[in-house]
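Biologist: Hey, could you walk me through this one? I'm new to reading structures.

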Amino acid sequence: MVDDKVLLPGPAQRSAPTVLFKATNLLLLCLLLCALPVLSNASFILDLLFRAISFFKHETVDPSFSLSEPSAAPRWIVPGARWLDTEGNSIQAHGGGMLKVDDVLYGYWFGEDKEHHASTFRAVSCYVSADLYTWTRLPDALVPLVGTSVSNESIVERPKVLHNSLNNDYVMWFHSDNLNYNAAEVGVAVSPTPEGPYTFLCSFKPFGADSRDIGLFVDDDENAYLLYASDWNNNFKIAQLTPDYRNVSNITHVFYGGGYEAPGIIKKNGTYHLFISGLTGWWPNANRHLSAPSLSGPWSEPEDIAPPLLRTYFSQNTYDLVIERGESEGRSMVSLFMGDRWKSNRLGRSSYVWLPMMWHENATVWLDWVDVFSMDLKTGAIVIPNGTTYHAAHGILSRNARVGKCASCTSKLAVYRLGAGGCVTIHGIQGNGAEHWVSLYYANPDRNWRETTVSVNGGPTQTVEQPDTQDSGAFLSVPVRLMLMKSSKNNITIGHNQTSYAGNLDKIIVYPV
């Protein structure tokens, strides 16, 4: 997560009719406000005002609006960076899910809008993309409704959307709760179009039992299933939905004693693969994987999908996207793990960790960390650019900074006591006269986030946030985007001019992209 802005290329522009519609909505809202003094019923006033605000937020998408054509040039996914939409705003789609549609290559991304940095319900956002790289925000898919379980004093988390062929509509499910998290229900909303707006139907307890974190899965026969943490998170359940996807019909399987959340399922060659997280609140844990020949089981024992010490690279599963099913001869499964890197004290600054899934013949799945990667959506080919590594221990230290032994570092040395007066300058860095992604490999053994400053050639500093690693031997990578001269004489200074301690630094890797 970084302070500099990352604008994913290829902005799509809104047209004049949409702007005019916004102005019309604003006029409508002003007229309503002028009318308030003559209205006597306070609750009626509030409800009417809220509906007007909701109407204002849900401007109609102009029929002439179109997505940018995917570029033939590589587009780069940078896990943990601050991702921006085509209007330059931070993407707010936390705990979200994807929806593919026929006429849009990679469709819609729904998620929680946490711009207000709180857990209360602000909106279910909706973004659209033709290439997984360039995301345009559409009007909110679901907004608070006064007097219901989806008000702005409620909890709405992990929204997922399915297309229902029976009614030819779109059905949204989500975790619906109160501020004490003891309502523990699922919520359902519907829309005739994928982007919404969605009409809230109800919140309820499936089969009379708790439901918290949820996911959805649609099988090849179009039967859909709810995946949910139940019974005060003591059990995890899979339940089949009714044919219209608006209710549950029967329980397919129960993982008794399964303290799982953040679920997702991928079906590969007839085998079901369930991805889950443990129960550690906003803090990450080692996400795991189970498999079975049927949704009713028998299920394998959970196995790690990444080095457990790194806690899924400080992320939590939210959705598992299949790019290539791998059912054709000569093709293999290509899929993405999509995770949230939660920042609990400023939820709107939470970022996204997307990583390619590595499928092995023994039915195990593994996530290798990748600083920067690109994906060809037609072939499924993953491109990882070559970076140049510079070891921090080879830099010039200032004041309190010290070099010490580090068994898990690539050079077996790390720089300690950065920040609070100590800094390190790494010399001789090759640049190409443009912006580069630079990954900082650090350890932060605290249980709280740290941050560090980064500057190039004595210029202004940027602040880079460093999630905790809770272990001095656990090193994570965080990205920062830096402008480097076309020269091999660039210098990068880390930890200068900050009063707090930064993480211990192993190395930096500079990418020519």
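Modeller: Let's go through the chain as a whole, then a few of its residues.
Modeller: This is a predicted model, so local features need pLDDT of at least 70 and side-chain atom pairs count only at pLDDT 80 or more, while totals for chains, interfaces and linings use all residues. Residues are numbered from 1 along each chain as its sequence is written, and side-chain values use heavy atoms, with hydrogens and water left out.

Biologist: Okay, how many helices and strands are in the protein chain?
Modeller: The protein chain has three helices and 36 strands. Helices (H or I, at least four residues) and strands (E, at least two) are DSSP runs, numbered from the N terminus.

Biologist: And what share of the residues is buried?
Modeller: Of the 513 residues in the protein chain, 56% are buried. Buried means under 20% relative accessible area, exposed means over 50%, and partly exposed is in between (1.4 Å probe, protein chains only).

Biologist: What about the accessible surface of the protein chain?
Modeller: That comes to about 21300 Å², and 53% of it belongs to carbon and sulfur atoms. Accessible areas come from the Shrake-Rupley method with a 1.4 Å probe; for residues, only the protein chains shown count as cover.

Biologist: Switching to cysteines: which ones does a disulfide join?
Modeller: Cys-406 and Cys-409 are joined, with S to S at 2.1 Å. The rule asks for a pair of cysteine sulfur atoms within 2.5 Å, and by this rule the count is one disulfide. In general, a disulfide is a covalent bond between the sulfur atoms of two cysteines.

Biologist: Why is the disulfide of Cys-406 and Cys-409 right-handed?
Modeller: The torsion about the S-S bond of Cys-406 and Cys-409 is about 75°, so the disulfide is right-handed.

Biologist: Is Cys-406 buried or exposed?
Modeller: Cys-406 counts as buried, because its relative accessibility is 5%. Cys-409 is buried too, at 2%.

Biologist: New topic. Where is Val-124 found?
Modeller: Val-124 is in strand E5, residues 124–128, and counts as buried at 1% relative accessibility.

Biologist: What does Val-124 touch?
Modeller: Not counting residues up to four places away in sequence, Val-124 touches several residues, including Phe-110, Leu-142, Val-156 and Met-172. Contact means heavy atoms within 4.5 Å. Asp-113 is 11 residues from Val-124 along the chain, and their C-alpha atoms are separated by 6.0 Å.

Biologist: Which loop holds Asn-444?
Modeller: Asn-444 lies in the loop between strand E31 (435–443) and strand E32 (450–456). Asn-444 is buried, with a relative accessible area of 0%.

Biologist: What lies 3.3 Å from a polar atom of its side chain, I mean Asn-444's?
Modeller: That's the backbone oxygen of Gln-466. Gln-466 is also among the residues that Asn-444 touches, along with Trp-449 and Asp-468.

Biologist: And which side chain makes a polar contact with the side chain of Ser-477?
Modeller: The side chain of Asp-371 does, at 2.7 Å. A polar contact is a pair of N or O atoms within 3.5 Å; within protein, one must be able to donate a hydrogen and the other to accept it, and residues adjacent in sequence count only if both atoms are side-chain atoms. Ser-477 is in strand E34, residues 476–483, and counts as buried at 4% relative accessibility.
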